[in-house]
Amino acid sequence: MNATLHIIGVGPGDPDLLTRKALRTLEECPVIATPKGSQDGSSTALSIVKQALPLNGKEIIELYFPMKKIHLDSAPAEEVQEAWEKAALQILRFMAEGKDVVFPTLGDPAIYSTGYYLYETILSLQPETRVKFIPGISAMSSCSAATSIPICLGDDKLAVIPATFSGEQLRQTLESFDTIVLMKVHRVLDRIIALLSELNLLEKAVLVEKAGMKEENIRTDLSSITEQVHYFSTIIVRKRSGWKR
Ligand SMILES: C[S@@+](CC[C@H](N)C(=O)[O-])C[C@H]1O[C@@H](n2cnc3c(N)ncnc32)[C@H](O)[C@@H]1O
């Protein structure tokens, strides 16, 4: 089997942020396999791809990856494992016909992405499978650009953390690092705002919703947020000086 699976980052939403290499790979691969988080939902990665190039003549398969917390120290839930295997087998079927497959993921595949779960599952089923990665522009890079806030400079220590995990872990991270990027904040914003306030960090925090998109929204006064923010929201807490005027 000579086919290759390309796991590629498509950036955080603005189709202009796809790399030329990602675009070329999407143009060349006959099959696009895209992740989606609910059975009847749609794929965000695919919607970004659709804005960047015409997909006429491509075979498009949407693969369901349940949105569940993954703790790397324990096995994922059975439902999650089954979904990964089902997705991997679908991709391997196309590759067995000699077709290259591209798997686009939001942002960069190395950051909280299904891409690496798929990669490991495919290799566990078929260790000789050819897989290549193409990096993408991460959401935090896009949030940094939108706000002109550097992520780390000089001797800064950086932490990137999904805000959905335990409050204690979050507190320790906020206390120990210079810049903290909080991802997946949309469902736990109240809790995060309370914690930032308790640690006197509200002044140092900025929330960016839909960075790089038409609807981009930058919020520097987090305590005034009363509405539900979008899933595409990230908070940068930069404790050291140099950015907030
Ligand atoms: C599953 S993670 C994917 C991260 C992605 N692989 C990356 O490299 O940034 C989803 C989280 O990324 C962040 N995100 C993705 N797109 C974003 C955007 N356009 N603006 C702000 N945050 C975004 C949000 O925190 C969201 O909850």
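Predicted model: local features only at pLDDT ≥ 70, side-chain atom pairs only at ≥ 80, totals over all residues.
# Why these labels?

Modeller: Let's start with K99, which lies in the loop between helix 3 and strand 4 (101-105). Helices here are DSSP runs of H or I with at least four residues, strands are runs of E with at least two, and both are numbered from the N terminus. Residues are numbered from 1 along each chain as its sequence is written.

Colleague: Okay, why is K99 called partly exposed?

Modeller: We count C-beta atoms, placed from the backbone: 20 or more others within 10 Å means buried, 12 or fewer means exposed, and anything in between is partly exposed. K99 has 15 other C-beta atoms within 10 Å, so partly exposed it is.

Colleague: And how do you know which residues K99 touches?

Modeller: Two residues are in contact if their C-beta atoms, placed from the backbone, lie within 7 Å. Not counting residues up to four places away in sequence, K99 touches A3, P30, V31 and F94.

Colleague: What about E79: buried or exposed?

Modeller: E79 has 10 other C-beta atoms within 10 Å, so this residue counts as exposed. E79 sits in helix 3, and its C-alpha atom is 28 Å from that of K99, 20 residues apart along the chain.

Colleague: Speaking of helix 3, what makes it roughly perpendicular to helix 4?

Modeller: Two packed helices are described by the angle between their axes and the distance between the axes. Axes are lines fitted to C-alpha atoms, for helices over the stretch in contact, with angles from 0 to 180 degrees between N-to-C directions. The axes of helix 3 (residues 78-96) and helix 4 (residues 114-125) come within 9 Å and cross at roughly 70°. That makes the pair roughly perpendicular, since the label covers 65 to 115 degrees, while under 35 is roughly parallel, over 145 is roughly antiparallel and the rest is oblique.

Colleague: Which residues make that contact?

Modeller: Helix 3 brings W84, E85, A87, A88, L89, I91 and L92, and helix 4 brings Y117, L118, T121, I122 and L125. They divide into 10 nonpolar, 1 polar and 1 charged. By that scheme, Ala, Val, Leu, Ile, Met, Phe, Trp, Tyr, Cys and Pro are nonpolar, Asp, Glu, Lys and Arg are charged, and the others, Gly among them, are polar.

Colleague: Why is L170 called buried?

Modeller: Its count is 23 C-beta neighbours inside 10 Å, so L170 is buried. L170 is in helix 6 (residues 167-176). Leaving aside neighbours within four places in sequence, L170 is in contact with I161, A163, F165 and L195.

Colleague: Then what makes T4 partly exposed?

Modeller: T4 has 16 other C-beta atoms within 10 Å, so it falls in the middle class. T4 is in strand 1 (residues 4-9), and its contacts beyond four places in sequence are D100, R130 and K132.

Colleague: Last one: which residues come nearest to the ligand?

Modeller: Of the 23 residues around it, P12, G107, S138, A139 and A211 come nearest. A residue counts as near if its C-beta atom, placed from the backbone, lies within 6 Å of the molecule. Helix 5 gives the most to this shell, with 3 residues. The shell divides into 12 nonpolar, 8 polar and 3 charged residues. In helix 5 (residues 139-147), A139, M140, S142, C143, S144 and A146 are buried.
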